[in-house]
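Work through the exercises below with the sequence and the coordinates open. Try each task before reading its solution.

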Amino acid sequence: MTPVRFTHLKAMSRSPLHYAHATKHGRPDSAAMRLGRIAHWNVLGGMPDDEDGRIVLWDGTRQGNAWKAFATENAGHEIVTPSEWEKALAIGDAVIADPIAARYLEGVKETAIEWAIGPRACRSRPDI
């Protein structure tokens, strides 16, 4: 049974069918989501879905045999272009430098917690 996660519960707010789909298939990736994940890593440390936090750079387009081979070789890791990397670091650095945001960044970061509600396993990783 898939543990309950907040991202799945957001899908449940649309419908049970959306929840079932989210638990089985996740959601499609996008450039904005990649930027957000790297900025998140920069600010809080640790990639939410990749325990070793490995980020690899791909300097090319995401198409063709070279891309397919690179993506296969680096499956399970965050693959970004140099421009995505620079943009995401700038976003994260701006958050860290902001005096108001900095107050909310104090504390233990990215610690996984697990619990159960009856037989249902639950899991979360609060940012702070």
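## Exercise 1: The whole chain

The accessible surface of the chain comes to about 8700 Å², and 60% of that belongs to carbon and sulfur atoms. Keep in mind that this is a predicted model.

**Task.** Describe the extent, burial and element order of the chain.

**Solution.** 
1. Start with the extent. The C-alpha trace spans about 50 × 45 × 25 Å along its principal axes.
2. Turn to burial. The chain has 128 residues, and 27% of them count as buried.
3. List the elements. There are 6 helices and 4 strands. From the N terminus their order is α-α-α-β-α-β-α-α-β-β.
4. Check the contacts by sequence separation. Take those with a separation of 6 or more: 47% of them join residues 24 or more positions apart.

## Exercise 2: A helix pair

**Task.** Characterise the packing of α3 against α5.

**Solution.** 
1. Two packed helices are described by the angle between their axes and the distance between the axes.
2. Apply them. Helix α3 covers residues 31–44 and helix α5 covers residues 82–97. Their axes come within 8 Å and cross at roughly 45 degrees.
3. Classify the angle. It makes α3 oblique to α5, because it falls between the cut-offs for roughly parallel, under 35 degrees, and roughly perpendicular, 65 to 115.
4. The crossing of α3 and α5 is right-handed.
5. Name the partners. On the α3 side are Ala31, Arg34, Leu35, Ile38, Ala39, Trp41, Asn42 and Val43. They meet Glu84, Trp85, Lys87, Ala88, Leu89, Ile91, Gly92, Asp93, Val95 and Ile96 of α5.
6. Sort them by class. The contact of α3 with α5 has 12 nonpolar, 2 polar and 4 charged residues.

## Exercise 3: One residue of the pair

**Task.** Is Ile96 buried, partly exposed or exposed, and which residues does Ile96 touch?

**Solution.** 
1. Ile96 is found in helix α5.
2. Read its accessibility. The relative accessible area of Ile96 is 39%, so Ile96 is partly exposed.
3. Set aside neighbours within four places in sequence. Ile96 is then in contact with Asn42, Val43, Ala102 and Leu105.
4. Compare sequence and space. Ile96 and Leu44 are 52 residues apart in sequence, yet 9.4 Å apart from C-alpha to C-alpha.

## Exercise 4: A backbone check

**Solution.** 
1. Recall the background. Most residues other than glycine have a negative phi.
2. Read the angle. Phi of Glu110 is near 55 degrees, a positive value.
3. Locate the residue. Glu110 lies in the loop between α6 (99–103) and β3 (113–117).
4. Finish with burial. Glu110 counts as buried, because its relative accessibility is 12%.

Technical notes. Residues are numbered from 1 along each chain as its sequence is written. This is a predicted model: local features need pLDDT of at least 70, side-chain atom pairs count only at pLDDT 80 or more; totals for chains, interfaces and linings use all residues. Side-chain values use heavy atoms; hydrogens and water are left out. Axes are lines fitted to C-alpha atoms, for helices over the stretch in contact, and angles run from 0 to 180 degrees between N-to-C directions. Helices (H or I, at least four residues) and strands (E, at least two) are DSSP runs, numbered from the N terminus. Angles under 35 degrees count as roughly parallel, over 145 as roughly antiparallel, 65 to 115 as roughly perpendicular and the rest as oblique. A crossing is left-handed if the near helix is turned anticlockwise from the far one by less than a right angle, and right-handed if clockwise. Contact means heavy atoms within 4.5 Å. Ala, Val, Leu, Ile, Met, Phe, Trp, Tyr, Cys and Pro count as nonpolar, Asp, Glu, Lys and Arg as charged, and the others, Gly among them, as polar. Buried means under 20% relative accessible area, exposed over 50%, partly exposed in between (1.4 Å probe, protein chains only). Accessible areas come from the Shrake-Rupley method with a 1.4 Å probe; for residues, only the protein chains shown count as cover.
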